[in-house]
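Colleague: Could you take me through one part of this model at close range? I would like to start with the surroundings of the RNA and go on from there.

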Amino acid sequence: MREIRVRFAPSPTGALHIGGVRTALYNYLLARKHKGTMILRIEDTDQTRFVPGAEEYIKQSLEWVGIKIDEGITAGGAHEPYRQSERKPIYKEYAQKLIDSGYAYYAFDTNEELEAMRNRLKAAGSSNQQYSAATRMDMNNSLVNSEEDTKRKIAAGEAYVIRLKVPAEGEIHLQDLIRGDVKVDSSQIDDKVLMKSDGMPTYHLANVVDDYLMNISHVIRGEEWLPSAPLHVLLYRYLGWEKEMPQFAHLPLLLKPDGNGKLSKRDADQMGFPIFPLNWTDPNSGELAKGFRESGYLSEALINFLAFLGWNPGSEQEIFSMEELIDAFSLERIGKAGARFDIQKAQWFNQQYLKAKSNEELSNYLLDSLKAESIECSKEKAEKICGIMKERVTFTHDFWLHGKFFFIAPASYDEQVIAKKWNADAVTVLTAYSQEINKLNSLTAELAKATLETVTTNLGIGTGKILQALRVSITGGASGPDLMMTMEILGSKEVVSRIQHALNTLKKPV
RNA sequence: GGUCCCAUCGUCUAGGGGUUAGGACACCAGAUUUUCAUUCUGGUAACACGGGUUCGAUUCCCGUUGGGACUACCA
């Protein structure tokens, strides 16, 4: 079997879309599974859409999610350079080869002329308006002009493109690993531009040339490429590389949550979830798009979630580490239908991964949040807080968001709890309780509980009746982690002060 | 419009000529937790439609419908 060599080949036109991350992931899983090579190639042949910082963003995103690059930009390799803009002469050479062998030709048509052609065909009621065998002889190209004329035009510096001469008819077959046999009649394919007038190749040429030169074994990419895949087959054929042609696998698309259409940044904004792995600030608009990382997602959870969007192991296991994914992965088990993006499932995965982490590891997230708020906290205390909170947390920032009361005394109290539970009994117990706690110089959860029981027993009031009042006086909220542990972390002085404050602030019920 | 791709619970999906059509998320109910969350138990919920093929189709074939992608000197 041929050595597995796959590539992830994004273009640096902005932040890396989450669908791109999944494509990269599937490539990576296949490579690792078969001890192959994962290549990162940058497809920057469109100079007009180049976005500064995008390449760096791609690298950082892949690094964050744990997709390691064996070969390509930064990693280097035997097929350098891995940035298509730096491979210009290579494409030119092969375009020339196609011209020499009669499979491609020069075209001098202006945009206006192309436009006119389309309008003409449209008016005539033609089902497709393309530059093809049916129309090329009416256009301004080296097929209709004399050789001298073509040479003269080129020498005079007239703008031209190189187009592929697609045959008028004939079926083109493509064996897709996911979709099986796909066939298209070549009459449906237009004479695609191979080299643009700026001297850069188009995706079609660059992609085929590089995949061949880099000895790529499998092209795993999104389904949006399926319609142009037959064209690529034609290119391999005309270049004489059909035997070395990689195998194709066109991945199902990631769909909007409501199911209609490709997942886009717009949907994410509207529905309030991220679509990029990392924060991204658009250099043109200055607009910030939130990343999964900054939204509180763990990379392992994101990967697990993404892996299951379009693929499944066939078992009932849901939680997979990267190693387990590599072990279980196979192209055969990739589905054909588009997968809707369900952020709730992503949240569930995140919760699972968060719960499984050590307090030590989790404390870093809390400490980060605290640092941003300029609040001091020891590592030990942070670990303790994370320990009692991790069962109730969905995002990394929830430790801070739902645990603020560990650092800031409540400024207001939950009204519902006050209305229902703040009564004469509560005031009696809390008054006595704070006096007892005040006598202690160190407070443990056990001590807090024992003291509370003693106080309530002496007063003949059920503990359960006033517990909510105690919680609200200490945290301000109606719910939260174990209250006794919370008090232990807060310490006796703080507990007393908070109860006193509640007693003083809240109306004394009659 | 044309070409291509796709179709199992609301969502991600397993399955496959004869099954009580399985799991997970979400949702609902109960138990535990003196709160909330966690956890556990249970529940609601699907083979788009019409023709074939067949003793028998949700599964295979064809069509319809629906959805999607592509249709640039963008990738």
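**Around the RNA strand**

Modeller: Gladly! In this predicted model, 60 residues lie around RNA strand B, and those that come nearest are Glu-43, Ala-337, Arg-392, Gly-464 and Ser-479. Sorted by class, the surface near RNA strand B consists of 25 polar, 18 nonpolar and 17 charged residues. Several elements supply at least two residues each: helix 4 (111-123), helix 11 (343-356), helix 18 (463-475), strand 7 (180-185) and strand 14 (339-340). Of these, helix 18 gives the most, with 4 residues.

Helix 19 spans residues 483-490 and is mostly covered, with 6 of its 8 residues buried. Those six are Met-484, Thr-486, Met-487, Glu-488, Ile-489 and Leu-490. Just after helix 19 comes Gly-491, with a positive phi of about 90 degrees.

Three strands form an open, antiparallel sheet in the order 4-5-8. Strand 4 (104-107) and strand 8 (193-195) each have a single partner strand, so they stand at the edges with one side left without a neighbour in the sheet. From one strand to the next, the twist averages 45 degrees. Strand 5 (residues 161-164) is joined to strand 8 by 2 bridges, and Ile-162 has Met-195 of strand 8 as its bridge partner.

Notes: Residues are numbered from 1 along each chain as its sequence is written. Chains are lettered from A and ligands numbered from 1 in the order in which they are written. This is a predicted model: local features need pLDDT of at least 70, side-chain atom pairs count only at pLDDT 80 or more; totals for chains, interfaces and linings use all residues. A residue is near a molecule or strand if its C-beta atom, placed from the backbone, lies within 6 Å of it. Ala, Val, Leu, Ile, Met, Phe, Trp, Tyr, Cys and Pro count as nonpolar, Asp, Glu, Lys and Arg as charged, and the others, Gly among them, as polar. A residue is buried if 20 or more other C-beta atoms lie within 10 Å of its own, exposed if 12 or fewer, and partly exposed in between; C-beta atoms are placed from the backbone. Two strands pair if DSSP finds at least two bridges between them. Axes are lines fitted to C-alpha atoms, for helices over the stretch in contact, and angles run from 0 to 180 degrees between N-to-C directions.
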